[in-house]
Amino acid sequence: METMGRYTLPVLALVVLAFVPMVVEASFTRHLFIIAFIYAIIASNWNLSLGHCGIFNFGHLTFFGVGSYTAAIAAKTYGVDPWVAILLGGPAAAVAAFLMAAPVARLKGIYVVLVTFAFGQLAMQLVLSQSDITGGAQGMVRIPYLRLGEYSFLKDYKLGYYYVALGLLVVSTIFIKLVIDSPFGKSLKAVRDSEEYAAARGVSVSRQRVMVLVLSAIFTGVAGGFYSIYLRVASPEVFGFGTLSLALSMVLIGGAGTIYGPIAAAIALTFATEALAGVRGLEEARFIVIAVAMILVLRLAPGGLLRLFEPLVPKALRQR
Amino acid sequence: MIDTLIATLVSGLVLGSLYALMASGLSVVWTTLGVFNFSHGALMMVSAFVAWTVSEALGLGLLVGIAAGTLSAALVGIIIERLLVRPFYGDRNMLLITVMTTLAAMIILEKSALIIWGARLKQLPRLIEGEISIFGATISAHEALLVALAPLLLIAIWQFTVRSTVGRSLRAVGQNQESASLIGIDVSKAFAIAFGLSAALAGLTGALLGSIRFITPTMGSEPLVKAMIVVIFGGLGSLGATAGAAYVIGIIEALLILWLGLYWTPFALFLLMIVVLVFRPNGIFGGRE
């Protein structure tokens with residue numbers, strides 16, 4: 001009975017999202033949903049290392065960028081099937097995460113922030129300097145699109161892309177939930193809440209950190225691959241401050257350390273920023289609005305906005 | 001060959017001076033408050049824009065402009081401290097939270113600058129015209145001024161923190177807040193002073209840089225990222241180590257540009273930094289944290 005209760009809300013949300021394309025036929029609205037799903041994957045996986053394990057990881061978007069460029073190069077330069085190219089983003093990002101985690105696992109506090117951040121810059125500089133492979137500052141364009149047999153995904157107002165993105169989000173969320181609920185996930189919380197105690201109980205802090213960074217990179221990389229194939233562009237912008245702060249605000253506003261918070265926030269914020277972009281004179285100001293919202297949430301509701309609604313949800317339905 | 005090397009070293013010295021000014025500001029805030037200010041580069045940019053408005057648009061002269069820029073950066077810095085850093089003192093996650101709030105401050109400042117001043121490139125005139133030759137390597141007099149000014153400012157800050165009562169109170173607060181407040185030091189005032197001083201330093205650097213580089217809303221991010229490399233090399237704990245690391249990085253960067261070219265240099269720098277961290281987690285000069 002309790003299990004049923006725990007899954008009611010997420011499943012209900014999924015059913016609603018699955019029926020959205022029946023109601024919404026506008027290509028642009030569907031596009032917003034697809035982008036929201038991608039951000040939801042980024043934010044919820046970032047939360048795995050930042051919220052659940054307490055690693056000050058500011059290089060999460062690097063995994064996304066690595067996945068994005070891996071898929072773009074595989075599909076365009078080497079003619080790999082776009083489906084396979086998307087999936088290749090996962091292992092490529094995991095390798096990048098492992099490379100980053102090696103120095104980070106031994107560091108503490110602010111140095112973790114600095115190194116993970118610098119790692120993202122390193123990746124961006126590599127992309128910029130290898131312009132014959134990556135297109136440099138211009139990025140890559142006209143990347144092959146998805147097909148299924150004879151069916152081109154460019155048809156039907158993005159219907160196909162919508163369900164692929166939603167499917168990716170569902171698989172990624174189930175994966176995160178499995179990780180969190182496993183004994184490994186509990187040891188992550190121990191590392192976050194009391195490093196010394198965790199170590200005293202035989203948890204290898206460095207190893208858990210490396211593992212969680214690698215795990216959080218997998219679906220982020222796949223999402224990056226999908227992003228390139230879907231938009232048919234790969235650009236170094238994904239490594240920049242802008243994308244980083246948008247994804248970070250989703251984690252914070254949704255609630256670090258929750259499972260569904262960042263997903264809800266990603267969908268809400270994608271639509272909110274897009275709505276603000278439609279208002280004349282607010283094209284740039286919307287980033288200010290998001291930054292202010294982020295500060296207010298940190299100040300007033302450190303657990304994330306979703307937590308504020310928690311008392312309204314019956315206890316049986318609560319899911320952390 | 002020797003000429004090229006000297007020219008490279010001199011340009012490394014210019015870079016090193018810029019990084020030293022940036023990184024020492026970060027270090028002052030870090031040693032006093034335990035906060036890493038991500039908006040430090042944006043403060044530099046604010047000052048450059050204000051200096052441009054005052055001296056070019058209003059025509060009040062460059063010196064007035066630089067002073068106005070520096071003051072406005074200090075003011076914005078104090079506001080950031082009050083609104084975005086102070087509410088989180090004593091929080092268990094203060095370090096992480098203030099990284100996020102100052103990152104948000106950076107976005108707010110950059111986007112506001114874009115809205116206020118637009119995307120058109122601007123530049124300040126030089127404080128001193130003409131060129132200066134150092135061992136046969138020519139640089140502009142303005143850059144030479146930066147090179148000369150940097151060590152003077154660094155020594156001034158160092159003497160301030162060692163000798164003056166206010167400066168010593170900053171260090172006391174950095175070492176132990178409770179004890180500092182017990183012996184009558186106004187801790188919150190010390191925090192505001194540290195932030196204001198650091199921001200003023202960023203402001204002065206930005207106003208001077210506005211004559212060398214173009215003034216854009218994102219002009220602060222590249223120096224900030226370089227300053228981050230510097231503090232990783234030198235550690236954040238001591239002003240001397242930070243400043244030393246800044247010059248080392250500046251010269252390494254100039255040599256790398258000569259040797260590898262402009263494209264590969266940032267990559268090589270970051271790679272070098274990560275390698276250093278694997279073996280010396282507290283930086284090359286950073287003994288303890």
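## Basis of the model

In this predicted model, local features need pLDDT of at least 70 and side-chain atom pairs count only at pLDDT 80 or more, while totals for chains, interfaces and linings use all residues. Residues are numbered from 1 along each chain as its sequence is written, chains are lettered from A in the order in which they are written, and side-chain values use heavy atoms, without hydrogens and water.

## The interface

In chain B, 43 residues are in contact with 39 residues of chain A, where contact means heavy atoms within 4.5 Å. Together the two chains bury about 3,800 Å², 83% of it on carbon and sulfur atoms; buried area is the accessible area (1.4 Å probe) that two parts lose on being put together, summed over both.

On the side of chain B that touches chain A, the largest share, 15 residues, comes from H4(B), a helix being a DSSP run of H or I with at least four residues, numbered from the N terminus.

## The nonpolar patch

A nonpolar surface patch of about 1,000 Å² includes A:Leu126, B:Met1, B:Leu255 and B:Trp264. Helix H10 of chain B, where B:Leu255 lies, gives the patch its largest share, 4 residues.

Note on methods. Helix = DSSP H or I, 4+ residues; strand = E, 2+ residues; numbered from the N terminus. Patch = residues over 30% accessible without salt bridge, like charges linked within 9 Å, V, L, I, M, F, W, Y side chains within 5 Å. Areas by Shrake-Rupley, 256 points an atom, 1.4 Å probe, with all protein chains shown as cover. Salt bridge = Lys/Arg side-chain N within 4 Å of Asp/Glu carboxyl O.
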